[in-house]
Amino acid sequence: FGRRASAARGTRHVRLRVHLRLRVRTFTDAAGRFGGFVVALDAGCSEPDLQAGATGRRRVRHLLRRVAAGVVRRRGGARCQRWARHGRPTSASERGDSMTTYDAAAYRRYFEREFTYLAGFRRNVHRYADRAAMHDPVTGASWTYAQLGTAVDRLAAGLVDAGVGVGDTVVYQLYNGPEFAQLYLATQVCGAVGSPINFRLAPGETAYVLDDSRPVVFVYDVAFAERVGAALELAEHRPSLAVAVGDGAPAAVRGVETLHFSDLPRDADAPDAPDAPDAPARSSFDETTRLYTSGTTGMPKGVPLNSVVEVLSAHDVIMHFPLCPEDRTLNMTPWFHRGGLYSGGPNPVFYVGAECVPLRAFDPDVCLDYVEQRRLTYLIGAPTNLAMLARAQRDRPRDLSSLQGIVTMGAPLEREACL
């Protein structure tokens, strides 16, 4: 636009190119809700000098203020008018910085309460409800994620009925199998600490673990009944309940109630009894699993893990295999140790929504048969396992085309086994 400017020496025309910049800033309150917005208007001129003397410059500044104020009056806002009168705000309060202060409280609350392994499993129970979660080759039984979620909730409710409270320990001495996988999840559902221990421990070592963890419930395979009975006699701590898995006579110990595993889950037909216990108030940093070292340099030592470790361990395996919901894994090593439970075992499998195939005892021919029959995508084991697999495959070839990877751990991989 043009503007006629008069001076003592006469009349002249000055043509200015004026730049207007409108800035809108939103802000929220302390609770993270939308709190409104403020508008700032900057006006400037392409010829700051104007070569028109002091009087001309004053008139130009006055003109710019009038233009800015006119725009603000039409668009509204006392704050905008103040900015138009006085130019760009200089104080933090005028800029509205205090209104947009970052507050991590909501993220912290979510991370500490909701960022749990159990939340990931619950997600898959709904997302992959009809997809296979676990198949037991020994019995031929299979569980979808919906069925596994129901079984885990009923088992957790049974543990609560047996006296297991938040923070209590449940020790289980089992082979790889459905009962192991369900206990791993059910203890987290009821807020307890699940502690899988080595089934090769001597009675004295098992007694030491029982005295160290002081479990309310002790679950064991009947194949170890004799050793378990001796361990319970040696231990100073006696669990309230001993639960036997499998067919056969359980260990009979004075002062310890005995129950079969099939009788532990809460009866679905029980009147006024929900399938799942009330969700306990637990933090992501509370202990969920307690592993025990093998005791090669002394007695077994407890290693506590929390839910953050559970989640990050699952993510690590999911990224590095990589693992996806279409995978089917078989870990050939015992699940009671870190490599068994967390490297392609129940932990990452149930978190990503894949299928887990338990192996009660390692047999190379059985493993290769499972690969062919179940179209497994990953095998996990030690180099000795792989060497035995190679020999078994050479003697009787199977269709292994479904395998995406073979993961080894525990020792260096020799060239022969690798080939």
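**Figure 1. The cis peptide bond at P322.** P322 is found in the loop that joins α10 (307–320) to β14 (328–331); helices (H or I, at least four residues) and strands (E, at least two) are DSSP runs, numbered from the N terminus. The peptide bond running from F321 to P322 is cis, and its omega is near -10 degrees. The model is predicted: local features need pLDDT of at least 70, side-chain atom pairs count only at pLDDT 80 or more, and totals for chains, interfaces and linings use all residues. Residues are numbered from 1 along each chain as its sequence is written, and side-chain values use heavy atoms, with hydrogens and water left out.

Figure 2. P334 belongs to the loop between β14 and α11 (338–342). With a relative accessible area of 17%, P334 is buried (buried means under 20% relative accessible area, exposed over 50%, partly exposed in between; 1.4 Å probe, protein chains only). Leaving aside residues up to four places away in sequence, P334 touches N176, F199, R200 and G340, where contact means heavy atoms within 4.5 Å. P334 and R360 are separated by 26 residues in sequence, and their C-alpha atoms are 8.2 Å apart.

**Figure 3. Positive phi at R214.** R214 is not a glycine, yet it has a positive phi of about 50 degrees. The loop between α8 (203–213) and β9 (217–221) holds R214. The relative accessible area of R214 is 51%, and the residue is therefore exposed.

**Figure 4. Positive phi at R375.** R375, also not a glycine, has a positive phi of about 55 degrees. R375 is placed in the loop between α13 (364–374) and β16 (378–381). Its relative accessibility is 28%, so R375 counts as partly exposed.

Figure 5. The largest pocket has a volume of about 390 Å³. On a 1 Å grid over the protein atoms alone, a pocket is an open set of points where a 1.4 Å probe fits, with protein on both sides within 12 Å along at least five of seven lines, and lining residues have an atom within 4 Å of a point. The volume is the space filled by probe spheres set on the points, which are joined across faces, edges and corners. The lining comprises 20 residues, and T116, L118, Q188, P280 and R282 lie nearest the pocket centre. At least two lining residues come from each of α5 (117–127), α7 (178–189) and β12 (287–292); α5 gives the most, with 3 residues. By class, the lining has 9 nonpolar, 6 polar and 5 charged residues (Ala, Val, Leu, Ile, Met, Phe, Trp, Tyr, Cys and Pro count as nonpolar, Asp, Glu, Lys and Arg as charged, and the others, Gly among them, as polar).
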